[in-house]
Amino acid sequence: AQQRQWSPMEAEKCWPDHCAVARQFAAKAIEVYSEGDVVWVQDYHLMLVPSFLSRKLPSASLGLFLHVPFPSSECFRVLANRDEILKSMLSADHIGFHLY
């Protein structure tokens, strides 16, 4: 079987799908949410979910926990969608990081 190579162009094509999946997770959380719940979003692949939740549940208490260390500024700054990711993270009320 031929091995596929990843390229930056793939990221541009995949970003809308990544956002759509994050919206699906947020929609399910909204569906089961009850007033007073604390909603914890777990891990890096769901880092967009807090922004989608905060738009629909502005009074909800939102947490984001990353089970991996946050990338260095050198790595994070080269991400094409870093602003959207960072804004979503900052829409959480509580943020936790795994340490080295």
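Modeller: Buried means under 20% relative accessible area, exposed means over 50%, and partly exposed is anything in between (1.4 Å probe, protein chains only). This is a predicted model, so to speak of a local feature we need pLDDT of at least 70, side-chain atom pairs count only at pLDDT 80 or more, and totals for chains, interfaces and linings use all residues. Residues are numbered from 1 along each chain as its sequence is written, and side-chain values use heavy atoms, with hydrogens and water left out.

Colleague: Let's start with the rings: how many aromatic pairs does a search of the whole structure find?

Modeller: Rings of Phe, Tyr and Trp (its six-membered ring) pair if their centres lie within 6.5 Å; planes under 30 degrees apart are stacked, over 60 edge-to-face, and the rest tilted. Going through the whole structure that way, the number of aromatic pairs is 2.

Colleague: What kind of pair do F70 and F76 form?

Modeller: Their ring centres sit 5.1 Å apart. The angle between the planes is 40°, and the pair counts as tilted.

Colleague: What about F70 and F97, which kind of pair is that?

Modeller: Centre to centre, F70 and F97 are 5.6 Å apart. With 75° between the planes, the F70 and F97 pair is edge-to-face.

Colleague: How many residues apart in sequence are the parts that F70 and F97 tie together?

Modeller: Helices (H or I, at least four residues) and strands (E, at least two) are DSSP runs, numbered from the N terminus. F70 lies in the loop between β2 (61-66) and α3 (73-76), while F97 belongs to strand β3 (residues 94-97). The pair therefore ties together parts whose separation in sequence, in residues, is 27.

Colleague: Now to S51: is it buried or exposed?

Modeller: S51 has its place in helix α2 (residues 49-56). Its relative accessibility is 10%, so S51 counts as buried.

Colleague: Which residues is S51 in contact with, leaving aside its neighbours within four places in sequence?

Modeller: Contact here means heavy atoms within 4.5 Å. Once those sequence neighbours are set aside, the contacts of S51 are S88 and S91.
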